[in-house]
Amino acid sequence: MKFVLWVAGVLLAVAGVNLAFDFETGGVWQLDPCDPQEIGTPEDTISSIYRIENGNIAERCFGPSDDDLFRAWGAMAQITTAEERAGLRSFAIFDGAFAAAYTQQLNLEATEFTIAVRRDVARSHGQSLRHVMAHEFAHMLTNHTSNVFSGEKVPTVDCLSDENRYGCAGWGNYLATWTYQFWPEQEVVRLEAEYRSSAEAARRCSEYSGFVTEYGATNPGEDFAETFAAFVLSSRTPASAQSRMNFMSSFPEIVAIRDRINAAGYNASDIYLEGCSR
Ligand SMILES: [Zn+2]
């Protein structure tokens with residue numbers, strides 16, 4: 001079976017929508033992983049939240065019991081180990097028009113996160129759902145302190161985005177390397193004003209090749225997350241994306257994730273990501 005991934009072009013967001021922290025005050029913030037007002041967005045309505053402890057789902061801490069939430073969590077558990085998702089503090093499901101899913105950073109130290117999934121996404125085809133979960137996991141990976149504050153901080157897009165005011169990607173960060181390798185400087189500069197513009201993504205998609213989806217052309221973070229998901233799930237990608245896939249292949253720890261998912265039978269090899277071809 002061959003089908004086009006339905007999430008292509010649909011918003012998949014990363015943290016920062018609700019952060020009250022202001023760098024200039026030197027303030028410290030910590031969001032409550034079980035408070036829908038703190039982890040949610042103005043556009044969505046979180047219906048249930050479960051606490052995550054040591055990478056495993058623990059008690060329900062907001063809303064009613066929810067089978068859709070467990071389905072989404074099941075997909076996350078298929079593709080990640082408890083150790084890999086140890087930074088998660090909660091997992092939520094929401095109804096609303098905002099992003100298919102999003103990853104929210106909970107503390108300044110960038111060690112705690114929550115992931116929220118839209119209900120219709122939680123009910124979607126297993127391969128599509130795993131793509132979304134792998135995409136969000138990639139955001140957690142590149143935003144985690146071990147990847148953000150390692151080594152010297154460099155002025156990548158992470159410093160330009162209001163969504164990432166808590167720190168810049170370090171040289172050791174996948175995302176910093178990724179940005180320097182695949183994003184021309186003039187495009188990084190443009191992101192300062194248009195970090196999440198779908199019109200800009202469409203323009204880049206028409207001017208450059210190599211993206212696995214048009215959504216990936218939104219910014220380097222989405223580009224990395226889309227490509228990471230395609231790689232670890234062994235999805236089919238356009239030939240033009242080969243150098244991006246080679247980037248993923250160059251990290252043994254990412255290859256190990258792919259091989260583990262494949263061995264468990266949880267790949268998404270029926271998915272064909274169209275890239276920017278029209
Ligand atoms: Zn995303």
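Which residues of α2 are buried? In this predicted model, the buried residues of α2 are Leu69, Ala72, Trp73, Ala75, Met76 and Ile79. They cover an arc of only 155° around the axis, which puts them on the same side of α2. Helix α2 runs over residues 67-79. Its 13 residues should span 18 Å at 1.5 Å a residue, and the end C-alpha atoms lie 19 Å apart, which agrees.

The chain as a whole holds 12 helices and 8 strands. Of its 278 residues, 44% are buried. Contacts were also examined by sequence separation. Among those between residues at least 6 apart in sequence, 66% join residues at least 24 apart.

One helix pair was examined in detail. Two packed helices are described by the angle between their axes and the distance between the axes. Helix α7 covers residues 174-182, and helix α10 covers residues 220-232. The two pack at an angle of about 105°. Their axes are 10 Å apart. An angle of 65 to 115 degrees counts as roughly perpendicular, and α7 and α10 are therefore roughly perpendicular to each other. On the α7 side, the contact is made by Tyr174, Leu175, Trp178, Thr179 and Phe182. Helix α10 contributes Pro220, Gly221, Asp223 and Phe224. By residue class, the contact of α7 with α10 divides into 6 nonpolar, 2 polar and 1 charged.

Methods: Residues are numbered from 1 along each chain as its sequence is written. This is a predicted model: local features need pLDDT of at least 70, side-chain atom pairs count only at pLDDT 80 or more; totals for chains, interfaces and linings use all residues. Axes are lines fitted to C-alpha atoms, for helices over the stretch in contact, and angles run from 0 to 180 degrees between N-to-C directions. Helices (H or I, at least four residues) and strands (E, at least two) are DSSP runs, numbered from the N terminus. Angles under 35 degrees count as roughly parallel, over 145 as roughly antiparallel, 65 to 115 as roughly perpendicular and the rest as oblique. Two residues are in contact if their C-beta atoms, placed from the backbone, lie within 7 Å. Ala, Val, Leu, Ile, Met, Phe, Trp, Tyr, Cys and Pro count as nonpolar, Asp, Glu, Lys and Arg as charged, and the others, Gly among them, as polar. A residue is buried if 20 or more other C-beta atoms lie within 10 Å of its own, exposed if 12 or fewer, and partly exposed in between; C-beta atoms are placed from the backbone. The expected span of a helix is 1.5 Å times one less than its number of residues. The arc is that of the directions from the helix axis to the C-beta atoms.
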